[in-house]
Amino acid sequence: MINGKPLILAVDDEENIRNLITYTFEEYDIEVKTAENGKAAITILEQNPVDVIITDLLMPTMTGLALIREMKKRKSSIPIIIITAYGNTEMVKEIIAEGVFRLIEKPLDFEILVPIVQDALEYRNKHSKK
């Protein structure tokens with residue numbers, strides 16, 4: 001949380017996706033920080049109390065899967081929602097094995113994403129160390 005509001009980190013190499021996520025969740029009184037890849041996301045995570053991560057799977061510099069693995073190393077309990085246009089069966093199995101909260105296929109449907117983020121925030125509130 002930041003300023004009493006939940007904080008989402010949106011990670012995608014497409015600026016328009018990051019902007020759409022920011023715009024959408026600001027309407028729900030949720031703060032959004034953005035990063036263009038997993039490496040930039042780690043920097044933000046080190047400096048901010050993030051409640052939920054929404055990340056693209058395939059990005060330059062550091063993929064969403066590499067970000068998930070880095071979060072597991074840090075024993076983070078932040079729910080991670082993966083968005084991807086490239087879901088194949090093996091990749092989906094690998095992602096699920098890493099313990100992501102949900103996987104959503106592109107193009108993004110915010111009528112689906114918003115309730116998933118709300119569920120992730122609820123999960124985070126129940127399972128975070130107080």
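Q: Quick one to start: which residue in β3 is the bridge partner of Val11?
A: That's Thr55. Keep in mind that this is a predicted model.

Q: And how many bridges are there between β1 and β3?
A: There are 4, with β1 (residues 7–11) and β3 (residues 52–56) running in the parallel sense.

Q: What order do the strands take in the sheet?
A: The order is β2-β1-β3-β4-β5, which makes an open sheet of 5 strands with parallel pairing.

Q: Which strands stand at the edges, then?
A: β2 and β5 do; each has a single partner strand, so one side of each has no neighbour in the sheet. On average, neighbouring strands are turned by 20 degrees against each other, ignoring direction.

Q: Which strands does α1 touch?
A: α1 packs on the sheet against β1, β2, β3 and β4, and its direction makes about 170 degrees with that of β2. α5 packs on the sheet too, touching β1, β3, β4 and β5.

Q: Switching topic: where is Pro107?
A: Pro107 sits in the loop between β5 and α5. A cis peptide bond joins Lys106 to Pro107, with omega at about 5 degrees.

Q: What about the phi of Asp29?
A: It's near 60 degrees, a positive value in a residue that isn't glycine. Most residues other than glycine have a negative phi.

Q: Is Asp29 buried or partly exposed?
A: Partly exposed, because its relative accessibility is 45%.

Conventions. Residues are numbered from 1 along each chain as its sequence is written. This is a predicted model: local features need pLDDT of at least 70, side-chain atom pairs count only at pLDDT 80 or more; totals for chains, interfaces and linings use all residues. Side-chain values use heavy atoms; hydrogens and water are left out. Helices (H or I, at least four residues) and strands (E, at least two) are DSSP runs, numbered from the N terminus. Buried means under 20% relative accessible area, exposed over 50%, partly exposed in between (1.4 Å probe, protein chains only). Two strands pair if DSSP finds at least two bridges between them. Axes are lines fitted to C-alpha atoms, for helices over the stretch in contact, and angles run from 0 to 180 degrees between N-to-C directions. Contact means heavy atoms within 4.5 Å.
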